[in-house]
Amino acid sequence: MLASGPLLTPDHALSRALVRTLPDPLTERLADLGNIPVAVPVLVLAMVYAARRGRYLAAGAAGLAMALVPALVIPLKEWTARPGPLEPWAAGYYPSGHTATAAVAYFGAAVLLRPHTRRAWPTAVALVLTGATAAGLVVRGWHWPLDVVASLLLCAPLVLWVRWVSRRSTRRSSG
């Protein structure tokens, strides 16, 4: 179990300062943006859109990245067994699966949509939705701040890989 370390003291202090500073119904809705039934359909729609435009490889990479999220997150939750901010008797809060799901789904969708829009709005929307999820989880008290930061760092290579595949497949299809 993660019970010590130089980052835990500021993590706990930041959590104490943030938890329940906004109404629970609001933060619960924000946290819900990272639920599988909310985030994954967004990615699936973007995958269908990309595939209909002949970008099968990019769509498949985004789907594979999402499938890898539980394969990365669940073993870390088991290994660390970190308790939650408001539920010290429970374990498995590190890293945040909701944040990981939101990051891969929303940024993956943005990567798939970006070549067709030629604008930055898909990335901006992904940033807002993922940030809202992370903030909702922390402010509601369901996750420590480090839980969500770890998820973002864990999923960044997945999203970057989807971006790399997407750029390669876009060049091939236009060349």
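Residues are classed here by relative accessible area, where buried means under 20%, exposed means over 50% and partly exposed lies in between, with a 1.4 Å probe and protein chains only. The structure is a predicted model, in which local features need pLDDT of at least 70 and side-chain atom pairs count only at pLDDT 80 or more, while totals for chains, interfaces and linings use all residues. Residues are numbered from 1 along each chain as its sequence is written, and side-chain values use heavy atoms, with hydrogens and water left out. Helices are DSSP runs (H or I, at least four residues), numbered from the N terminus.

The loop between H4 and H5 contains Ala81, which counts as partly exposed because its relative accessibility is 23%. Pro95 also lies in the loop between H4 and H5. The C-alpha atoms of Ala81 and Pro95 are separated by 9.8 Å, the two residues being 14 residues apart along the chain. Pro95 is joined to Tyr94 by a cis peptide bond, with omega of about -5°.

Two arginines in loops have positive phi values. Arg20, in the loop between helix H1 (8-18) and helix H2 (24-32), has phi near 65°, a positive value in a residue other than glycine. With a relative accessible area of 43%, Arg20 is partly exposed. Arg118 is placed in the loop between H5 and helix H6 (121-140), and its phi is about 60°, positive although the residue is not a glycine. Arg118 counts as exposed, since its relative accessibility is 68%.

Asp11 belongs to helix H1 and is buried, as its relative accessible area is 4%. The C-alpha atom of Asp11 is separated by 6.3 Å from that of Leu146, although the two residues are 135 residues apart along the chain.

Open space was then considered. Rolling a probe the size of a water molecule over the atoms shows where empty space is left. A pocket is an open set of points on a 1 Å grid over the protein atoms alone, where a 1.4 Å probe fits, with protein on both sides within 12 Å along at least five of seven lines; lining residues have an atom within 4 Å of a point. The largest pocket holds about 360 Å³ of space, the volume being that filled by probe spheres set on the points, which are joined across faces, edges and corners. Its lining comprises 15 residues, and Val111, Arg114, Thr123, Arg163 and Arg167 lie nearest the centre. Helix H5 (97-117) and helix H7 (145-174) are the elements that give two or more residues to this lining. H7 provides the largest share, eight residues. By class, seven lining residues are nonpolar, three polar and five charged; Ala, Val, Leu, Ile, Met, Phe, Trp, Tyr, Cys and Pro count as nonpolar, Asp, Glu, Lys and Arg as charged, and the others, Gly among them, as polar.

Helix H4 (56-80) and H7 each supply at least two residues of the patch, and H4 gives the most, with three residues. Trp161 is found in helix H7 and is partly exposed, with a relative accessible area of 32%.
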